[in-house]
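Please keep the sequence and the structure in view while reading.

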Amino acid sequence: MLGVSGTQNLIPLLSRENGTGRGIKYYVPETRLQNAVFSCFSGGMGKLGQESVGEAAPRLIELLKRAYADEWFAHYNYFLASTRISGSYSDSVARLLVRKSRRNFEHAARLGTRIQQLGGEVVERLLALADHATDKPFKLPNEAWSIEPVLRAVLDAERTSIRTYSELHATAREVDPVTDRLVVALLNEAVAGEEQIERLLADDEPDMSGG
Ligand SMILES: [Fe+2]
């Protein structure tokens, strides 16, 4: 059951008809989702913590908001793509997309927490996310829903993340070790994601067992 262990309550995230008359259900551990959501509203950082970041804070907040918006777009679009793709291996690709969608939601929550700690505010209106996102936010291909164009759009999104987190790392590394630690972790994940999608696009029979 979709990377879940232990005895946590599971929230059904998606049901998908698998072509055999039996639906496939995907689940998210309740506590993990709650932790991600609640951490986004955990309040701001102390005065000393904010002062130590100093004049870099506005630029860091701007970049973190861009990353936050991109993560939300990826979260939604990966989920949407998982419900639409068809063809060989579409079930395993759908499971991969759901896992990646869930990870991006968690990334957005962690970025939201850091924005607030730095004295910024997370984007209040859903429609305003587009104003903060990268010029070229994740966009599903018109010819969706075959696997290859969807994976190419995912690859594009991973590369956008690599560029954004590299810029954040360059801005944060000298002045804000807390933000730097976060963005280096997210950068590592985006680099691994790029490699995984490149491998899948090169394979005839993709292995979707990774995260
Ligand atoms: Fe992400």
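## How H3 meets H4

At roughly what angle do the axes of H3 and H4 cross, and within what distance do they come? In this predicted model, the two axes come within 8 Å and cross at roughly 155°. Because angles over 145 degrees count as roughly antiparallel, H3 is described as roughly antiparallel to H4. The crossing of these helices is left-handed, and the residues that form their contact comprise 16 nonpolar, 6 polar and 4 charged ones.

## The chain as a whole

The protein chain contains 7 helices and 2 strands, and, read from the N terminus on, its elements follow the order β-β-α-α-α-α-α-α-α. The chain has 211 residues, of which 35% are buried. When contacts between residues at least 6 apart in sequence are considered, 70% of them join residues that are at least 24 apart.

## H6 and its two partners

The axes of H3 and H6 come within 10 Å and cross at roughly 165°, an angle that makes the two helices roughly antiparallel to each other. H3 passes H6 in a left-handed crossing, and the residues of this contact divide into 13 nonpolar, 4 polar and 4 charged. On the H3 side the contact includes Leu60, Leu64, Ala67 and Tyr78, while the residues on the H6 side include Val150, Val154, Tyr165 and Leu168.

For H6 and H7, the axes come within 8 Å and cross at roughly 155°, and these helices too are therefore roughly antiparallel to each other. H6 passes H7 in a left-handed crossing, with 16 nonpolar, 5 polar and 6 charged residues in the contact.

## The largest nonpolar core

Which residues touch the most other members of the largest nonpolar core? Among its 44 residues, they are Leu64 and Tyr68. The elements that give two or more residues to this core are H3 (57-84), H4 (90-117), H6 (147-172) and H7 (177-202), and the largest share, 13 residues, comes from H3. As general background, nonpolar side chains in soluble globular proteins tend to be buried together.

Tyr68 also shows how one residue can be in contact with others elsewhere in the sequence. Leaving aside neighbours within four places in sequence, Tyr68 is in contact with Ala108, Leu111, Gly112, Ile115, Val122 and Val123.

Is Val93 buried or exposed? Val93, which lies in helix H4, has 23 C-beta neighbours inside 10 Å and therefore counts as buried, given that the cut-off is 20 or more. The C-alpha atom of Val93 is separated by 9.8 Å from that of Leu200, although these residues are 107 residues apart along the chain.

Val191 belongs to helix H7. Because Val191 has 16 C-beta neighbours inside 10 Å, this residue counts as partly exposed, a class that lies between exposed, at 12 or fewer, and buried, at 20 or more. The C-alpha atoms of Val191 and Arg159 are separated by 7.9 Å, and these two residues stand 32 residues apart along the chain.

Note on methods:
Residues are numbered from 1 along each chain as its sequence is written. This is a predicted model: local features need pLDDT of at least 70, side-chain atom pairs count only at pLDDT 80 or more; totals for chains, interfaces and linings use all residues. A nonpolar core is a set of buried Ala, Val, Leu, Ile, Met, Phe, Trp, Tyr and Cys residues joined through C-beta atoms within 7 Å. Helices (H or I, at least four residues) and strands (E, at least two) are DSSP runs, numbered from the N terminus. Two residues are in contact if their C-beta atoms, placed from the backbone, lie within 7 Å. Axes are lines fitted to C-alpha atoms, for helices over the stretch in contact, and angles run from 0 to 180 degrees between N-to-C directions. Angles under 35 degrees count as roughly parallel, over 145 as roughly antiparallel, 65 to 115 as roughly perpendicular and the rest as oblique. A crossing is left-handed if the near helix is turned anticlockwise from the far one by less than a right angle, and right-handed if clockwise. Ala, Val, Leu, Ile, Met, Phe, Trp, Tyr, Cys and Pro count as nonpolar, Asp, Glu, Lys and Arg as charged, and the others, Gly among them, as polar.
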